[in-house]
Amino acid sequence: MDTKELTLSTLHGCKTDDSTMTNPEVQVCAERHEVGYEPRCRPDSCWSWLVCASSLISVVIVAGICYSFGILLPPMMENFEATRQETAWVGAMYTGCGYLLSPLGSYINHRFSYRFTAILGSLSGIIGFFLASLSSELWIMYLTIGFLSGFGHVMIVNTSYLVILQYFVKWRSLAVGIVASGPAIGLLAMTQVTQALLTTFGLQGPLRGFAFLFFVCGLCVTVFVPLNQLKEKSNDRTSLGTSQKESRTLSLFRNRSFLIMLTSFIIVHLSYYVPTIHIVKHCMQELHMSENKASMLYTYMAITSFISRHLFCKLGDYRYFNRFYLYQGGMTVSGLCILCLPAARSFFAIATLFMGFGLMDGAMMGQLPLLVLECVGKKQSQPSVGLHNAFFWREC
C-alpha cells in the first residue's frame with residue numbers, strides 16, 4: 001500500500017487492501033479525493049428516490065399544463081375572436097413542435113447531461129409562457145407557447161422518464177409507474193388550478209402561472225446528478241421472442257421489434273389526444289353543459305389513469321403477462337371508447353367512456369419507457385425516445 005492509499009484510508013475510513021479495492025463502493029470513496037471529482041450516486045439508492053420524486057413533480061406540472069389546454073380553448077377563442085380550429089393550433093403546436101424537436105433533446109442529453117437538458121427545457125418554458133401572457137395576437141401564441149414552451153415541455157418529460165431508467169434497476173418498474181402516474185395527477189390537479197386562475201385573473205393568470213411552474217421544474221431537476229453505472233441482470237430473450245443481446249445491438253432502423261412498436265404508436269396517436277383537447281367545447285356547444293361540469297370529466301379520467309399506470313407497470317413484471325399484449329389490449333379498448341364518444345348524449349355516458357379511456361391509459365403511456373427499454377436496451381433508449389417522438393408531430 002503506497003502513501004497515498006494509506007492517507008486516504010486513514011483519514012476517510014476507506015479500506016484499501018487487495019480484497020476491498022475491487023469493490024466499486026470503495027473505489028468511489030477513493031475517487032472522491034481526486035482533483036476535479038464530480039459527486040455521483042448509485043442506482044436504487046436514497047438519492048435515486050429523490051430523483052424519482054423530482055421527476056414526478058416535473059411530469060405532474062408539464063403534463064398537467066398540456067391537458068389544461070382544453071379549458072383554455074374557449075377563453076382564447078373569445079379573447080382573440082378566432083375559430084376553434086385556429087385556436088386549437090396553439091395546443092397542437094405545443095405538443096407537435098416539442099415532438100419534432102425531440103431528437104435534438106436526445107442529442108443534448110447524450111452530449112451534456114440530463115440535468116442540463118431539463119434546465120434548458122425549464123428556461124424555454126418560462127420564456128414562452130411569460131411572453132404569451134403579453135401577446136395581443138393569436139399568431140404570437142404559435143411561436144411562444146407552440147414553439148418555445150413546447151420545446152421545454154418535451155425536454156422535461158423525456159428527461160424525467162429516461163433518468164428513471166438509469167437510476168433504478170431492482171425497483172425500476174415501481175419507479176416508472178410512479179413517474180408515469182404524473183400525467184394523471186397533473187390532469188387532476190392542474191385542470192382545477194387552471195380553472196381557478198382563469199376565473200380569478202382571466203387568460204393571463206394561467207399563462208403566467210404556467211411560467212412560474214416551469215421555474216419550479218427547473219429547481220426540481222437540479223438533483224439529476226451523474227450516476228455510477230452498475231451491471232444489471234437481464235433475461236435471455238425479450239417479450240417479442242427475439243434475442244435480447246441481438247435486438248439491443250442492432251441499429252434502430254434495423255431493429256424490427258422497435259419499428260413495429262413505432263408504427264403502432266404512430267397509428268394510435270392519430271386520435272389519442274383529440275378527446276382531452278375538445279371534450280369541454282363539445283359538451284358546452286353540443287350538449288349545452290356548463291363549463292365547470294364539463295371540466296369535471298378530467299377529474300374522473302385522472303383518477304382512473306392514475307390507477308392504470310401503476311397497474312400496467314406492475315402486471316408487466318409477472319411472467320403470465322406480456323407487456324406488448326397488455327399494450328395491444330389496452331389500446332383496442334381505448335379506441336372503442338373514443339368511437340363511442342360522439343354517440344353519448346348524457347353526462348353519465350360521457351363520464352363512463354372517459355373513465356374507460358383513462359383506465360386503459362396505462363397500457364401505453366404508463367408502460368412506454370419499459371416497452372422501449374425491452375426493444376432497444378438502456379444504451380439506445382435516448383435516441384429511440386427522440387425518434388419515437390419525432391414521428392408524432394404530424395399527428396399533433
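User: What percentage of the 396 residues in the chain is buried?

Analyst: This is a predicted model, in which local features need pLDDT of at least 70, side-chain atom pairs count only at pLDDT 80 or more, and totals for chains, interfaces and linings use all residues. Residues are numbered from 1 along each chain as its sequence is written, and side-chain values use heavy atoms, with hydrogens and water left out. Buried means under 20% relative accessible area, exposed over 50%, and partly exposed in between (1.4 Å probe, protein chains only). Of the 396 residues, the buried share is 55%.

User: How many helices and how many strands does the chain have?

Analyst: Both are DSSP runs numbered from the N terminus: helices are H or I with at least four residues, strands are E with at least two. The chain has zero strands, and its helices number 20.

User: Which helix gives the most to the nonpolar patch?

Analyst: Nonpolar side chains (Val, Leu, Ile, Met, Phe, Trp, Tyr) are joined within 5 Å, like charges within 9 Å. L188, I303, F306, I307 and L359 make a nonpolar surface patch of about 400 Å² (Shrake-Rupley method, 1.4 Å probe; for residues, only the protein chains shown count as cover). Three of its residues come from residues 291-315, which is helix 15.

User: Why does F306 count as partly exposed?

Analyst: F306 has its place in helix 15. It counts as partly exposed because its relative accessibility is 34%.

User: Why is the pair of F69 and Y94 tilted?

Analyst: Rings of Phe, Tyr and Trp (its six-membered ring) pair if their centres lie within 6.5 Å; planes under 30 degrees apart count as stacked, over 60 as edge-to-face and the rest as tilted. The structure holds ten aromatic pairs. The ring centres of F69 and Y94 are 5.1 Å apart, and the pair is tilted because the planes stand at 55°.

User: Which helices hold F69 and Y94?

Analyst: Both residues are buried. They are 25 residues apart, and their pair links distant parts of the chain. F69 is in helix 4 and Y94 in helix 5.

User: Which ring does the charged end of R111 sit over?

Analyst: A charge sits over a ring if NZ of Lys or CZ of Arg is within 6 Å of the ring centre and within 35 degrees of the ring normal. K293 lies over the face of F347, 5.0 Å from the ring centre. For R111 the distance is 5.2 Å, and the ring is that of F112.

Definitions and conventions: Patch = residues over 30% accessible without salt bridge, like charges linked within 9 Å, V, L, I, M, F, W, Y side chains within 5 Å. Salt bridge = Lys/Arg side-chain N within 4 Å of Asp/Glu carboxyl O.
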